[in-house]
Amino acid sequence: MGPLKGIKVIDMTTVLMGPYATQMLGDYGADAIKVESLDGDVTRLIGPMRHAGMGPVFLNTNRSKRSICLDLKKPAGREAVLRLLKDADVLVYNVRPQAMARLQLGYDVVSEINPRLVYAGVFGFGQDGPYAAKPAYDDLIQGATALPALMAQTGDGVPRYVPNALVDRIVGLTAVGAICASLVHRDRTGRGQRVDIPMFETMAGFVMGDHMGGLTYEPPLDKGGYARHLSRDRRPYKTSDGYLSVIVYNDKQWENFFKATGRDDLRADAKFATFAGRAANIDVVYAELARIFETRTTAEWIELLTKADVPVMPMHDLASILHDEHLEATGFFPVVTHPTEGPIRSMKVTATWSETEAEPVRLAPRLNEHGAEILGEIGYSQDEIAAMVRDGVTRSAPE
């Protein structure tokens, strides 16, 4: 009984950004119907996998959904989508708006059929600029919003992408907020609306919110950048036997750190004694901390800093995070049994509600697993569904 129970979402998205957003809506209780091509979402093919079409990227971004496949370039496929949209609350798509127009599924068409629909597009660029029709991918937007340049500045001088589909997930999260806000507006006014969530503008605000710096002012006061984030020594600290994530940030934490380590000499140093002094000398501060942390083991530092109330966390890798004591205690990585894939490791819904607790309602579907069921719900007979299969508009149900 999640907070979005009763909301019907038509998911016409592929890859990661859109599916991540619609998975969250499904986890929150919405009836999320994933409309796939006859070949299925391309992430079904990203391995490793136990069975064809059920790769881990797909499994981890498409739970809480039902799957139907339709060829939208055929009139009968488009007609089926329009029937789905007639009583839907939300449509989410991630092709360029020009492609939706070519499919005759633009907002001008769909809103005539269902004026209460929230018509949400997650795509590359705002439609009032020269990039409007350009294709966009996570790597491209990372580059265009300065992330590789920042990685080069803080590393070895070589630009690199963040090793995570950061843009897709941040824009997906932004889309969830925009969709929920649009539903509130719809419930107040009775009218749906078109909402665009562009990747480039979303990430430009995300990155520059930290790094605008002196560029905030006109004329600029400096070349921009948040000095603490750009320090080359802002990284996990090497201990005598491993690595550790520590941040000593405010004055109280520094006072506790001085006491715990017996570094009265630093307390008396203007570079360390105040927030302003540390901010102005951040490279010196981080370099000294790096020297200090090499003097003890990881376990010794965790015990010492925890007692001193100095923020500290282990530096996990992809294997060790699965066994983090907090995540184990909260059941974050439950092992569940998928109907076809057997035991798989899932991830819990992170938000909690006191009245409308949410949890995944189903695991990721096989291609067209719910096709006949969904078509039946919008009025198609068994004979009509069989004819659509024969005509290549949809596929037969998976075995």
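**View 1. Ile247 sits in the loop between strand S8 and helix H11 (251–261).** Helices (H or I, at least four residues) and strands (E, at least two) are DSSP runs, numbered from the N terminus. This is a predicted model, in which local features need pLDDT of at least 70 and side-chain atom pairs count only at pLDDT 80 or more, while totals for chains, interfaces and linings use all residues. Residues are numbered from 1 along each chain as its sequence is written, and side-chain values use heavy atoms, with hydrogens and water left out. Setting aside neighbours within four places in sequence, Ile247 is in contact with Arg228, Gln253, Val310 and Pro311 (contact means heavy atoms within 4.5 Å). Look also for Val312: 65 residues separate Ile247 and Val312 along the chain, yet their C-alpha atoms are 6.7 Å apart.

**View 2. Strands S7, S8 and S9 make an open sheet, in that order, with antiparallel pairing.** S7 and S9 are the edge strands, each with a single partner, so one side of each has no neighbour in the sheet. Helix H16 (residues 298–307) packs on this sheet and touches S8 and S9, and its direction makes about 20° with that of S8. Axes are lines fitted to C-alpha atoms, for helices over the stretch in contact, and angles run from 0 to 180 degrees between N-to-C directions. Two strands pair if DSSP finds at least two bridges between them. Two bridges join S7 (residues 237–238) to S8, and Lys238 stands opposite Tyr243 in S8. The pair S7 and S8 forms a hairpin, with four residues between the strands. On the S9 (residues 312–314) side, three bridges hold the antiparallel pairing with S8. Here Ser245 has Met313 as its bridge partner, and Leu244 has Pro314.

**View 3. The side chains of strand S8 (residues 243–246) alternate between two faces.**

**View 4. Helix H8 (residues 166–189) packs against helix H9 (residues 199–211) at an angle of about 95°, with the axes 10 Å apart.** This makes H8 roughly perpendicular to H9 (angles under 35 degrees count as roughly parallel, over 145 as roughly antiparallel, 65 to 115 as roughly perpendicular and the rest as oblique). From H8 come Leu166, Val167, Asp168, Ile170, Val171 and Thr174, and they meet Met199, Thr202, Met203 and Phe206 of H9. The residues of this contact divide into seven nonpolar, two polar and one charged. For this sorting, Ala, Val, Leu, Ile, Met, Phe, Trp, Tyr, Cys and Pro count as nonpolar, Asp, Glu, Lys and Arg as charged, and the others, Gly among them, as polar.

**View 5. The buried residues of H8 include Gly172, Ala175, Val176, Ile179, Ser182, Leu183 and Arg186.** The buried residues of H8 pack against helix H1 (17–27), strand S4 (90–93), strand S5 (118–123), helix H6 (138–144), strand S6 (193–198) and H9. At 1.5 Å a residue, the 24 residues of H8 should span 34 Å, and its end C-alpha atoms are 35 Å apart, which agrees. The expected span is 1.5 Å times one less than the number of residues. Just after H8, Gly190 takes a positive phi of about 85°.

**View 6. Gly192 lies in the loop between H8 and S6.** Gly192 is buried, at 9% relative accessible area. Not counting residues up to four places away in sequence, Gly192 touches Tyr107, Pro115, Arg116, Leu117 and Arg186. Asp89 is 103 residues from Gly192 in sequence, and 8.3 Å from Gly192 in space, C-alpha to C-alpha.

**View 7. Six strands form an open sheet with parallel pairing, in the order S3-S2-S1-S4-S5-S6.** Strand S3 (65–69) and S6 are at the edges, each with a single partner strand, so one side of each is left without a neighbour in the sheet. On average, neighbouring strands of this sheet are turned by 20° against each other, direction ignored. Six bridges join S5 to S6, and Ala120 has Val195 in S6 as its bridge partner.

How values were computed. Buried < 20%, exposed > 50% of the residue type's maximum accessible area, 1.4 Å probe, protein only.
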